[in-house]
Amino acid sequence: MSNEEPKLGNNGKQGLGIVFLTIFIDLVGFSIIFPLFPEMLEFYLGQEAAKATPGLLTQLVGLIPDRAAPGLGLDLRTVLFGGLLGSLYSLLQFVFSPVWGAHSDRVGRRPVLLKTVAATAIGYALWVFAGNLWLLFLSRIIAGVASGNISVATAAVADITTKENRSKGMAIIGIAFGLGFIIGPAIGGLTASVSKNWQGYGLNPFSFPALLSCGLALLNLLQINLLFKETLPNTKRDKVEKKEKYPIFHLFRIHNPAILQLCLLHLVFYITFSGMEFTLTFLAKERMGFGARQNGSMFILIGLTMVFVQGLFVRRLAKPVGEKNLVIAGILSAIAAFWLLAVAPSSASPIDNIWSAEFLSGHFLLGLLFMSMAIGLINPCITALVSIHACAENQGRDLGLLRSAGSLARVLGPIFASTTYFAATSGTAYKLGAFVLAIPLAIALLLKAPEKEPGS
């Protein structure tokens with residue numbers, strides 16, 4: 001292999017494709033379980049409760065006061081367990097990202113990607129046969145540890161791009177994140193019914209989504225093995241600049257006030273927003289009586305709206321309106337989404353189809369549309385603002401810091417939201433989220449707009 005720094009030629013484009021798929025599958029694996037949580041946790045709790053001798057999980061649940069949500073009924077204890085399971089994956093990803101990144105600096109990107117993607121496939125394979133909740137936890141732990149390879153994938157993008165086209169390469173990562181969060185829940189919700197009656201040999205009603213995830217991971221492993229070329233030459237190994245393992249904890253060392261403001265905005269916004277994102281399926285079950293299939297359709301609706309907003313508004317309005325104003329509009333949309341979902345009334349009976357007149361005319365749908373608008377506006381615009389405000393030599397560091405803030409937020413958000421949901425009510429939790437969003441709104445209003453170059 002040549003010792004020259006790789007450029008974005010054919011091999012570079014192929015490498016970007018593999019990186020895109022790796023991140024996409026990681027995010028699909030993280031989010032495919034979202035629409036399944038309410039039914040999944042109730043299934044495992046019911047399974048243990050049916051035994052003559054209560055299992056450890058049933059005993060632990062027995063320590064928590066049994067509270068059913070109003071409306072169409074929801075065991076609020078499942079919200080707590082769901083919050084723990086969701087945060088566990090994000091915590092492991094956050095902790096192991098710098099570990100895998102540093103390891104790849106020593107041995108190269110390719111072998112680390114092969115190891116971690118193989119571990120991801122093993123984690124999903126365990127989920128296929130997760131006949132009890134503890135095996136499900138183990139599968140999520142393995143997949144969470146392996147998903148720390150996002151830092152390796154990001155480093156590979158930096159390896160094969162020049163400073164001039166690095167922002168385009170990093171945009172690939174953003175697209176993979178966005179698509180993963182759209183397609184993952186859709187796959188989980190719409191395919192769960194396939195394995196509804198799979199009960200023997202350790203299989204469970206949610207084995208088919210897990211089987212699809214495992215198949216995607218194996219396909220990714222095959223492509224990396226056959227097509228991915230090493231992006232870090234031998235001469236550069238162990239000479240990669242050493243960085244702080246967890247840069248988010250050194251946030252206040254940033255000397256650029258605009259970058260500091262954007263990272264704090266991103267952190268607080270996504271603590272709140274990821275909490276809503278996680279508890280949304282529980283709220284849909286409580287208010288609308290949604291099951292996995294309806295939740296999958298709901299996430300497709302969210303994804304299509306988000307793509308529409310990004311394609312129509314962000315692309316056309318970023319230059320005349322400015323990214324800062326679009327971020328403000330996104331936060332206002334999020335506040336509206338939280339409030340509408342908080343006050344959405346419960347349906348008289350379970351809604352079987354999201355295209356029914358009752359659902360289409362209600363507060364819940366309007367809240368989902370505002371939620372989609374918020375994420376469609378904020379995601380690309382915050383990233384663009386960081387890139388604009390950062391100096392050329394700090395682009396990678398500052399964009400990495402922004403992603404680190406988002407990762408930490410996804411650890412904290414589900415815990416805070418599910419705890420509030422359980423301790424109070426869903427309405428209180430979502431109204432509280434609307435008030436907390438006043439913090440990132442204030443930060444956005446105080447943010448100095450980037451200076452435009454003459455003639456731009």
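How much accessible surface does the protein have, and what share of that surface belongs to carbon and sulfur atoms? The accessible surface comes to about 19,500 Å², and 66% of it belongs to carbon and sulfur atoms, with areas computed by the Shrake-Rupley method using a 1.4 Å probe and, for residues, counting only the protein chains shown as cover. The structure is a predicted model, in which local features need pLDDT of at least 70 and side-chain atom pairs count only at pLDDT 80 or more, while totals for chains, interfaces and linings use all residues. Residues are numbered from 1 along each chain as its sequence is written, and side-chain values use heavy atoms, with hydrogens and water left out.

Confidence is expressed as pLDDT, the predictor's confidence in each residue on a scale from 0 to 100; its average over the protein is 80, and 82% of the residues score at least 70. Helix α3 (residues 56-62) has the lowest confidence, with a mean of 61, whereas helix α17 (residues 438-446) has the highest, at 95. Over residues 1-8 the pLDDT stays under 50, and for this stretch the model has 22 contacts beyond four places in sequence, a contact being heavy atoms within 4.5 Å.

The protein has 17 helices and zero strands, where helices (H or I, at least four residues) and strands (E, at least two) are DSSP runs numbered from the N terminus. Of its 456 residues, 54% count as buried, a class that means under 20% relative accessible area, with exposed meaning over 50% and partly exposed lying in between (1.4 Å probe, protein chains only). Among contacts with a separation of 6 or more, 83% are between residues 24 or more positions apart.

Side chains of opposite charge can pair when their charged atoms come close. A search of the whole structure finds four salt bridges, each defined as a side-chain nitrogen of Lys or Arg within 4 Å of a carboxyl oxygen of Asp or Glu. One of them joins the side chains of R410 and E277 at 2.6 Å, N to O. Because R410 lies in helix α15 (residues 395-423) and E277 in helix α10 (residues 257-288), this pair ties together parts that are 133 residues apart in sequence. R410 is buried at a relative accessible area of 15%, and E277 is buried at 11%.

Another salt bridge pairs D352 with R293, with the closest N and O atoms 2.8 Å apart. This pair links distant parts of the chain, 59 residues apart, as D352 is in the loop between α12 (323-343) and α13 (357-360) and R293 is in helix α11 (residues 292-321). R293 counts as partly exposed, at 40% relative accessibility.

R287 and E286 also meet in a salt bridge, at 3.5 Å from N to O, and both residues are buried. S426, in helix α16 (residues 426-436), touches R287 and E286 as well as L283 and Y421, not counting residues up to four places away in sequence. The relative accessible area of S426 is 4%, so S426 is buried.

L227 belongs to helix α9 (residues 207-227) and is partly exposed, at 34%.
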